Each structure stands twice: as C-alpha cells, then as structure tokens.
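Work through these exercises with the model in view. Try each task before reading its solution.

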Amino acid sequence: MNRTEKKSAYILKHFPGIYAFYFLIASLRHRAFYFLNRFIPKGFRKHEDIYRSWIEQRIPLTEDEKTWKIEYPVNSQPTKITLRKNDSDLYVFNQVILHEGYRSILNLLVDYGIEAPHIIDAGSNIGLTALYFKRFLPQSQIACIEPSPENVQVMRANLDENQMQDVRVFAKGLWNRNTFLTRKTDFRDNLSWAFAVEEGPERPDAMEAITLQEIMNQMKWENADVLKIDIEGAEAALFNDEQTFSYMESRYRIIAAEIHEEMIS
C-alpha cells in the first residue's frame with residue numbers, strides 16, 4: 001500500500017464523515033461534467049477547448065452532418081468559412097484566422113509599401129491563408145498549391161463562397177522537378193493538415209508534382225513577393241536541391257517556411 005492509499009484508509013477509519021463528504025463532492029463533479037458534456041456538439045467532443053473558446057468569443061456557427069459553417073470578420077469584413085468536423089480544420093482556423101499566424105508577413109508587405117503582392121501559398125490546405133491575405137490586401141494575386149483532393153474541394157468552396165478574385169488553385173504537390181507523388185500515411189497525426197507526399201511511380205492514385213518555375217511561368221510572374229511553404233516535409237526536396245534553392249533566393253522577396261525537422265535540419 002502506497003502513501004496515498006494509507007492516508008485514504010486512515011481517513012476512512014477515523015473520519016468516515018469527511019470521507020463520505022469528499023466522495024459526494026467528487027461524484028457531483030463527475031455528474032456535472034457529464035451533464036455539461038452532453039451540450040457540446042458531437043463534432044467538438046474531441047476539441048472541447050476550441051469549442052469553449054469560440055463560445056466565449058461569440059463566433060456564430062451552424063452545422064450539417066460533416067461540416068461547420070462560420071461567418072467571421074477578417075479585417076472587419078464578413079468572411080464565410082467551411083470547416084470539416086473531427087479534422088484539423090478547426091486548428092487551422094485558430095492558427096491562421098483567430099491568431100493571425102501570418103500577421104508578421106502581412107506587416108512586412110505593408111512596411112515595404114506593397115499593396116498588390118504576388119504570393120505563392122504552397123500547402124494551401126483549405127484556403128484560409130489566401131482568404132487572410134486577400135482580406136487585407138485585396139489587390140494581391142495568389143497561387144495556391146495543394147495536393148490533397150479533399151483539401152482542394154473545401155478550399156474551392158471557401159474561395160468561391162467569398163468570391164475571391166485573382167486566386168488560382170494548383171491541385172498538385174510542390175517538388176523540385178516534374179514527377180509523380182504518393183501520399184505518406186504515417187506522417188505525424190495523419191489528419192488533413194498533415195497531408196504529406198513522397199516521390200513515387202505513376203499509378204491511378206498518384207498526384208502530379210509541379211515546380212516553382214512552372215508555377216511562375218503559368219502565373220506569368222518574373223518575381224514574387226511571398227513564398228509561403230508549409231508542405232509537411234516536402235520542403236526537403238526544395239532546400240536540398242541546389243538549383244531550386246538558388247531559384248528561390250533569386251526570385252522571392254520573402255520566404256516563410258515551416259520546417260519539419262524529421263525531414264530536414
């Protein structure tokens with residue numbers, strides 16, 4: 001019997017009334033938690049902390065079987081956003097929209113006096129980064145790159161719902177050469193924001209890769225102001241390739257990259 005068990009046994013033997021009171025309080029706490037948990041929507045049961053923060057901020061939301069619909073002011077402009085339930089979309093919304101994860105990049109563009117930037121959003125997920133920049137810099141032109149078909153579907157819905165102009169979606173994976181990519185099924189939590197790819201053979205479920213040079217050619221840009229990279233480890237294919245890295249250095253004013261250290265130092 002450990003020290004805690006001995007203490008409990010002593011209290012039970014000599015002060016049964018105190019023990020009974022403690023047990024009653026613990027039981028009531030458990031029942032209260034169970035009762036309140038019944039009112040948390042099912043789509044948020046695994047994300048209770050996010051749900052409570054949204055309620056505190058009075059964020060209006062509606063739901064259907066698979067998605068949440070949010071209308072949230074971005075730069076004081078009503079913005080309609082679709083998020084999938086029980087997926088990483090909730091966290092992406094918190095990071096990009098609520099906590100303004102790219103505010104530092106926006107501030108740099110403003111400091112440089114760039115009102116109509118060219119932006120490459122590599123790893124666009126469901127399009128929230130593009131929405132964020134367009135709300136603050138409506139004259140910006142954005143190239144969104146995203147290999148996940150499911151993410152692309154939600155992204156297009158978010159962009160169309162808000163009538164975003166000058167935003168082009170490339171449903172491909174970013175790589176250092178034209179090739180084919182397959183999904184890695186063991187990367188981090190394997191949710192939608194961790195959609196990782198690796199080079200593989202051409203087959204029915206393979207995705208096409210695209211290079212930065214090809215993106216720039218199709219957008220008809222000589223240079224771009226922002227290259228944002230959040231591509232779940234595929235940045236190793238860019239940074240480790242000398243030709244691609246040299247191209248990045250010469251063509252982009254700002255490079256903002258999330259580095260996944262299990263893939264590259």
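**Exercise 1. Classify how helices H8 and H10 lie to each other: roughly parallel, roughly antiparallel, roughly perpendicular or oblique.**

Solution. Start with the elements: helices (H or I, at least four residues) and strands (E, at least two) are DSSP runs, numbered from the N terminus. Two packed helices are described by the angle between their axes and the distance between the axes. The axes of H8 and H10 cross at roughly 40° and come within 10 Å. Axes are lines fitted to C-alpha atoms, for helices over the stretch in contact, and angles run from 0 to 180 degrees between N-to-C directions. Under 35 degrees counts as roughly parallel, over 145 as roughly antiparallel, 65 to 115 as roughly perpendicular and the rest as oblique. H8 and H10 are therefore oblique.

Next, find the residues that meet. H8 brings Leu-212, Gln-213 and Met-216, and H10 brings Thr-244, Tyr-247 and Met-248. Contact means heavy atoms within 4.5 Å. By class, four of these residues are nonpolar, two are polar and none is charged. Here Ala, Val, Leu, Ile, Met, Phe, Trp, Tyr, Cys and Pro count as nonpolar, Asp, Glu, Lys and Arg as charged, and the others, Gly among them, as polar.

The model is predicted: local features need pLDDT of at least 70, side-chain atom pairs count only at pLDDT 80 or more, and totals for chains, interfaces and linings use all residues. Residues are numbered from 1 along each chain as its sequence is written, and side-chain values use heavy atoms, with hydrogens and water left out.

**Exercise 2. Which residues of H10 are buried, and what do they pack against?**

Solution. Helix H10 covers residues 242-251, and Thr-244, Tyr-247 and Met-248 are buried there. Buried means under 20% relative accessible area, exposed over 50%, partly exposed in between (1.4 Å probe, protein chains only). Seen down the axis of H10, the buried residues fall within an arc of 100°, so they line one face. That arc is taken from the directions from the helix axis to the C-beta atoms. The face turned away carries the exposed residues Glu-242, Gln-243 and Glu-249. The buried residues pack against helix H8 (212-219), strand S11 (224-229), helix H9 (235-239) and strand S12 (252-257).

**Exercise 3. In what order do the three strands of the open sheet run, and what packs on the sheet?**

Solution. The order is S1-S2-S3, with antiparallel pairing. Two strands pair if DSSP finds at least two bridges between them. S1 (61-63) and S3 (77-84) are the edge strands, each pairing on one side only. The twist averages 20° from one strand to the next.

Now take the pairs. S1 and S2 share three bridges, and a hairpin of three residues joins them. Glu-63 stands opposite Trp-68 in S2. Trp-68 also has a bridge partner in S3, Leu-83. S2 (residues 67-74) and S3 pair over eight bridges.

H4 (residues 89-98) touches S2 and S3, at about 155° to the direction of S3. H6 (residues 128-136) also touches S2 and S3, at about 180° to the direction of S3.

**Exercise 4. Is Lys-220 buried or exposed, and where does it lie?**

Solution. Lys-220 lies in the loop between H8 and S11. Lys-220 is exposed, with a relative accessible area of 76%. Its phi is positive, about 60°, although Lys-220 is not a glycine.
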